[in-house]
Amino acid sequence: MAQKEIKTKNHSLREKGFFNKQRMYFQFFISKIVYMIRFKLIYRYEVIGKENIPKNNKYIVAPNHLSTLDPAVTAAALPNPIAFMAKKELFENPFLEPLINWLGAFAVDREKLSISTIKTVLTISKGNDWVFGIFPQGTREKFGKITKVTKGFASLAKSSKCGVLPMGIVGTEEAKWIPFSGKITVKIGELIPYSDNPDEMVQNWIEQIQKLTGFSYIGDNQD
């Protein structure tokens with residue numbers, strides 16, 4: 001048990017040197033070359049709203065979440081590398097850990113936001129090249145619905161004084177293999193300024209994601 005806790009802690013705390021050129025180039029190769037071949041050939045990948053991307057990199061990327069393709073879809077849409085927050089259990093997989101480590105991800109305990117995770121977000125926000133990425137829903141959800149939206153991303157935006165860039169993803173919910181049989185559309189919304197009121201930021205994100213995806217928000221107490 002103690003060894004697991006130490007390992008998770010190390011994966012949640014990333015120093016500035018971790019987000020280096022090597023990891024930047026590796027993420028570029030995986031998301032914009034390897035995955036892009038599949039996106040273009042099978043999914044007819046399209047990005048709308050690039051003009052909404054801030055020029056100063058002082059923002060948090062916050063897409064909705066449908067499938068395991070979403071991190072690559074998000075990274076392919078933006079000009080800068082993204083350091084995604086990933087659940088700590090992924091780093092306990094000996095086969096997956098080296099890959100997500102090289103892609104610049106860091107661990108989070110979904111039950112409790114640790115100080116080391118917050119420090120990593122602050123480190124990213126003070127850098128020049130990387131931006132921080134998080135899925136406000138925390139886990140993959142059903143197509144057409146927006147549920148289980150947590151306040152964590154808004155609190156991190158407040159702590160880092162970063163705005164939130166909403167991103168609506170549609171089309172990744174079903175795996176496709178036949179050329180041009182699918183369609184992935186990424187719509188980038190308007191930047192949500194950070195606020196001392198996390199609830200206000202959450203509501204703003206929900207409203208924008210509904211417009212960007214056409215999905216309906218389902219409250220936690222609804223089916």
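Guide: Let's start with contacts, at Val164. Leaving out residues up to four places away in sequence, Val164 touches Ile60, Ala62, Phe153, Ala157, Glu190, Leu191, Ile192, Met201 and Trp205. We say "touches" because contact means heavy atoms within 4.5 Å. This is a predicted model, where local features need pLDDT of at least 70, side-chain atom pairs count only at pLDDT 80 or more, and totals for chains, interfaces and linings use all residues. Numbering starts from 1 along each chain as its sequence is written, and side-chain values use heavy atoms, leaving out hydrogens and water.

Visitor: Which residues have the most contacts inside the largest nonpolar core?

Guide: Met85, Phe132, Val164 and Trp205, in a core of 31 residues. What makes it a core is that buried Ala, Val, Leu, Ile, Met, Phe, Trp, Tyr and Cys residues are joined through side-chain atoms within 4.5 Å. Two or more residues each come from β2, β3, β4, α5 (115–125), α6 and α7, with α7 giving the largest share, six residues. Apart from this core lies another, of 25 residues, including Tyr45, Val61, Leu165 and Ile169.

Visitor: What makes Phe39 and Tyr45 an aromatic pair, and of which kind?

Guide: Rings of Phe, Tyr and Trp (its six-membered ring) pair if their centres lie within 6.5 Å; planes under 30 degrees apart count as stacked, over 60 as edge-to-face and the rest as tilted. The structure holds nine aromatic pairs. Phe39 and Tyr45 are 5.3 Å centre to centre with 25° between the planes, which means stacked. Phe39 and Tyr45 are both buried.

Visitor: How do you know where the charged end of Arg14 sits?

Guide: A charge sits over a ring if NZ of Lys or CZ of Arg is within 6 Å of the ring centre and within 35 degrees of the ring normal. The charged end of Arg14 is over the ring of Phe18, 4.1 Å from its centre. Likewise, the charged end of Arg23 sits over the ring of Trp102, 5.1 Å from its centre. Phe18 also forms one aromatic cluster with Phe19 and Trp130.

Visitor: What makes β2 and β7 partners, and how many bridges join them?

Guide: Strands (E, at least two residues) and helices (H or I, at least four) are DSSP runs, numbered from the N terminus. Two strands pair if DSSP finds at least two bridges between them. Five bridges join β2 (residues 59–63) to β7 (residues 163–170), which run parallel, so they pass that test. Val61 has Leu165 as its bridge partner in β7.

Notes. Buried < 20%, exposed > 50% of the residue type's maximum accessible area, 1.4 Å probe, protein only.
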